[in-house]
Amino acid sequence: MTTINKKEIMDIYKQLRVADVRDGMDWMMMHNYGSVSPDIVPLFRTRFCGFARTVRYVPTNRPIPKMTPDEYTEFVGHWYNSIATYGWQNDIEEDDVIMMDASNTNVGIIGSHNSLDWKSRGARGIVTNGGCRDTDEVILTEVPVYSRYRSQTMVQGRIEFQAANIPVDIGGVLVRPGDVVVADYDGVIVVPIEKAMDVAKYAMKELQQDKINRREVYEKMGMELDDTVQ
Ligand SMILES: O=C([O-])CC(=O)C(=O)O
Ligand SMILES: [Mg+2]
């Protein structure tokens, strides 16, 4: 693909189910690529698609000195400002999907505050191999988060920022900045951006044939037709 038309890609992928995209990938002989490990699950039933904005945090090896609670308050701010930093969030654009490689740590790096902020900046969803906390509020505010863990902990003394806009591994899948990400209740799938239109062509065929097939059964059963069959 020579020019990447993000709007055209979004218009098509918004209609596709994860299963269709999976089929489209198979039709492109990418059987071994794309499906994020099923232990990365949504907090609530949701669906989204968009373009990967990647970031990586790694476990820290910094020793934590003994501190008084007041000293610890300062230390917490220091960790946010200098160690587990979030500068990348200023680059979030409409239709981004945050693909956060948290190195499979059970740490609550995503919470109800930062995830809502990312949504307000245009993020369509968040996928991580790490943890999410404040999950009741994340659900309440309808921020679509897929995570490996529900975590209680803050980041201090646990993880640090490593890099943004780099290739990451999320659930066994290589995700490069700008790749297409699609999520629904079947899970998450990643499509290499340069293959997005080819995959979509075969994915759309699957969707359309399935609509016809399912509609026949709806009609046979006298079921009211819905968007999934027309
Ligand atoms: O403070 C954090 O690191 C994560 C969090 O709980 C939030 O954003 O609400
Ligand atoms: Mg919080």
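Predicted model: local features only at pLDDT ≥ 70, side-chain atom pairs only at ≥ 80, totals over all residues.
**Around the ligand.** I began with ligand 1 and found Gly108, Gly111, Ser112, His113, Asn114, Arg133, Asp134, Met154 and Val155 surrounding it, each with its C-beta atom, placed from the backbone, within 6 Å of the molecule. Residues are numbered from 1 along each chain as its sequence is written, while chains are lettered from A and ligands numbered from 1 in the order in which they are written.

**Classes.** I sorted the shell around ligand 1 and got two nonpolar, five polar and two charged residues. Here Asp, Glu, Lys and Arg count as charged, Ala, Val, Leu, Ile, Met, Phe, Trp, Tyr, Cys and Pro as nonpolar, and the others, Gly among them, as polar.

I found Asp134 in the loop between strand S5 (131–132) and helix H5 (135–140), both being DSSP runs (helices H or I, at least four residues; strands E, at least two) numbered from the N terminus. Is Asp134 buried or exposed? Asp134 is buried because it has 21 C-beta neighbours inside 10 Å, and the cut-offs are 20 or more for buried, 12 or fewer for exposed, and partly exposed in between. Beyond its neighbours within four places in sequence, Asp134 is in contact (C-beta atoms within 7 Å) with Gly111 and Ser112.

Arg133 is buried, with 21 other C-beta atoms within 10 Å. Neighbours within four places aside, I noted its contacts with Gly108, Gly111, Arg150, Ser151 and Gln152.

Methods: Contact = placed C-beta atoms within 7 Å.
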